[in-house]
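Q: I am new to this structure and would like to go through it step by step. Could you take me through some of its parts?

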Amino acid sequence: MIPGVDEKYPTVLAPLAGWSDSAFRRLCKAFGVDMVYTEMVSADGARREQEKTLALAEFGESERPIAIQLFGAEPETVAAAVRIIAQRQPEFIDINFGCPARKVIKRGAGGALLRDLSLLQTIAEAAVKATNIPISAKLRLGWDGDSINIVQAAQRLQDVGVKMLAIHARTQSQHFKGWPDWSFIRMVKKAVTVPVIGNGDIKSAFDAKRMFDETGCDAVMVGRAACGNPWIFRQIKGFLDEHMEPEPPTCAERLNVCLQHFDLAVEIYGAAQAIRTMKKQIVLYVKGFPNASDLRKRILALDSCEKMRRVLLEQLAVFSQKVQTNSAKMI
Ligand SMILES: Cc1cc2nc3c(=O)[nH]c(=O)nc-3n(C[C@H](O)[C@H](O)[C@H](O)COP(=O)(O)O)c2cc1C
């Protein structure tokens with residue numbers, strides 16, 4: 001069990017750089033997610049108390065329980081960043097040992113550390129010693145298919161006091177390609193006593209059930225499938241707790257939630273930032289609409305929050321009208 005989470009089948013929002021910001025995390029909480037992670041935060045930037053870096057670690061009380069995720073390549077830098085981040089009192093401070101992004105690997109951080117388990121362990125130990133807040137870690141299976149070392153890495157992390165592990169069941173070199181091999185999550189679960197979170201290609205409530213059943217994991221972590229689709233957390237809960245068939249949201253529901261998301265982003269970040277960061281999210285909410293292609297082009301061309309709201313409300317009126325006409329027909 002994850003400390004502080006009582007649910008039988010806990011769900012977790014994955015750290016998603018550029019996506020899992022405070023507005024999105026709050027929205028996912030409203031849809032029942034049990035725990036959230038921030039986007040990855042540079043330990044170097046945090047240690048230097050860079051404003052932009054620390055902004056990524058900001059969160060509202062309603063987002064708890066939350067893990068603030070750091071990435072870094074040197075034990076001292078990570079420890080210094082942990083001390084600064086700890087002032088925010090998150091439930092966990094997470095260390096990223098899986099990111100395959102070139103700029104992170106080049107610095108020797110993220111997934112690069114899977115090639116050097118001694119350094120990975122030393123970084124985790126330095127983080128544990130720097131704070132009383134539980135340290136967690138998020139990992140991939142290994143550097144590549146020939147060097148899978150996840151069980152060893154997990155045991156080493158537990159040995160130095162890491163309190164929770166999240167495993168994306170791909171190697172670093174796979175990036176997001178190929179199938180994740182969930183059997184390694186099961187192996188880790190058997191090899192350690194700390195809670196293990198299963199991650200990789202959970203796209204539906206059915207997948208979430210399969211992840212729990214096949215791996216025995218303590219929680220499921222959803223990343224990409226939650227983008228433009230925070231309903232997935234409600235669907236997983238409904239399916240696993242009450243055997244409810246997951247119902248897809250209607251276009252009108254999608255637009256309503258999209259508007260809420262947009263308003264939250266404007267409230268938290270201000271209009272200028274919200275219009276910049278929200279377009280890609282809004283495009284996902286309208287994916288699959290009958291007029292998605294035109295709508296997408298219109299959305300991407302908008303340059304103000306007022307125009308964005310107008311377009312979304314216009315669409316909402318169209319779909320709400322359709323719903324009314326259809327229900328009238330049924331009567
Ligand atoms: C756009 C994007 C950004 C990501 N950012 C992070 C990150 O900041 N930290 C991290 O540990 N993983 C990050 N990941 C990996 C996800 O947390 C997750 O492990 C991966 O997407 C697999 O889960 P999924 O199949 O549910 O998406 C990112 C993935 C994507 C697609």
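**Helices and selected residues**

A: Helix 4, residues 75-86, has twelve residues and reaches 16 Å from its first C-alpha to its last, close to the 16 Å expected at 1.5 Å a residue. The expected span is 1.5 Å times one less than the number of residues.

Q: What kind of model is this, and how are residues numbered?
A: This is a predicted model, in which local features need pLDDT of at least 70, side-chain atom pairs count only at pLDDT 80 or more, and totals for chains, interfaces and linings use all residues. Residues are numbered from 1 along each chain as its sequence is written.

Q: And how are helices and strands picked out?
A: They are DSSP runs, numbered from the N terminus: helices are H or I with at least four residues, and strands are E with at least two.

Q: Back to helix 4: which residues are buried?
A: Thr77, Val78, Ala79, Ala81, Val82 and Ile85 are buried in helix 4. A residue is buried if 20 or more other C-beta atoms lie within 10 Å of its own, exposed if 12 or fewer, and partly exposed in between, with C-beta atoms placed from the backbone.

Q: What do the buried residues of helix 4 pack against?
A: They pack against helix 2 (43-47), strand 3 (66-71), strand 4 (92-97) and helix 6 (117-129). Two residues are in contact if their C-beta atoms, placed from the backbone, lie within 7 Å.

Q: Strand 3, then. Why does isoleucine 66 count as buried?
A: Isoleucine 66 has its place in strand 3, and it counts as buried because it has 25 C-beta neighbours inside 10 Å.

Q: What does isoleucine 66 touch?
A: Not counting residues up to four places away in sequence, isoleucine 66 touches Val36, Thr38, Phe59, Pro90 and Glu91. Its C-alpha atom is separated by 8.5 Å from that of isoleucine 93, 27 residues apart along the chain.

Q: New topic: where does phenylalanine 31 lie?
A: Phenylalanine 31 lies in the loop between helix 1 (22-30) and strand 2 (35-42). With 19 C-beta neighbours inside 10 Å, phenylalanine 31 counts as partly exposed. Leaving out residues up to four places away in sequence, phenylalanine 31 touches Pro230, Trp231, Phe233 and Arg234.

Q: How do helix 11 and helix 12 cross?
A: The axes of helix 11 (residues 251-269) and helix 12 come within 9 Å and cross at roughly 160°. Axes are lines fitted to C-alpha atoms, for helices over the stretch in contact, and angles run from 0 to 180 degrees between N-to-C directions. Helix 11 and helix 12 are therefore roughly antiparallel to each other. Angles under 35 degrees count as roughly parallel, over 145 as roughly antiparallel, 65 to 115 as roughly perpendicular and the rest as oblique.

Q: Which residues make that contact?
A: Among them are Arg254, Cys258 and His261 of helix 11, and Ala271, Gln273 and Ala274 of helix 12.

Q: Where does helix 12 bend?
A: Helix 12 bends by about 45° at methionine 278; the bend is the angle between axes fitted to the seven residues ending there and the seven starting there. Met278 is one of the buried residues of helix 12.

Q: Last one: how do helix 9 and helix 10 pack?
A: Helix 9 (residues 205-215) and helix 10 (residues 231-242) pack at an angle of about 60°, with their axes 8 Å apart. That makes helix 9 oblique to helix 10.
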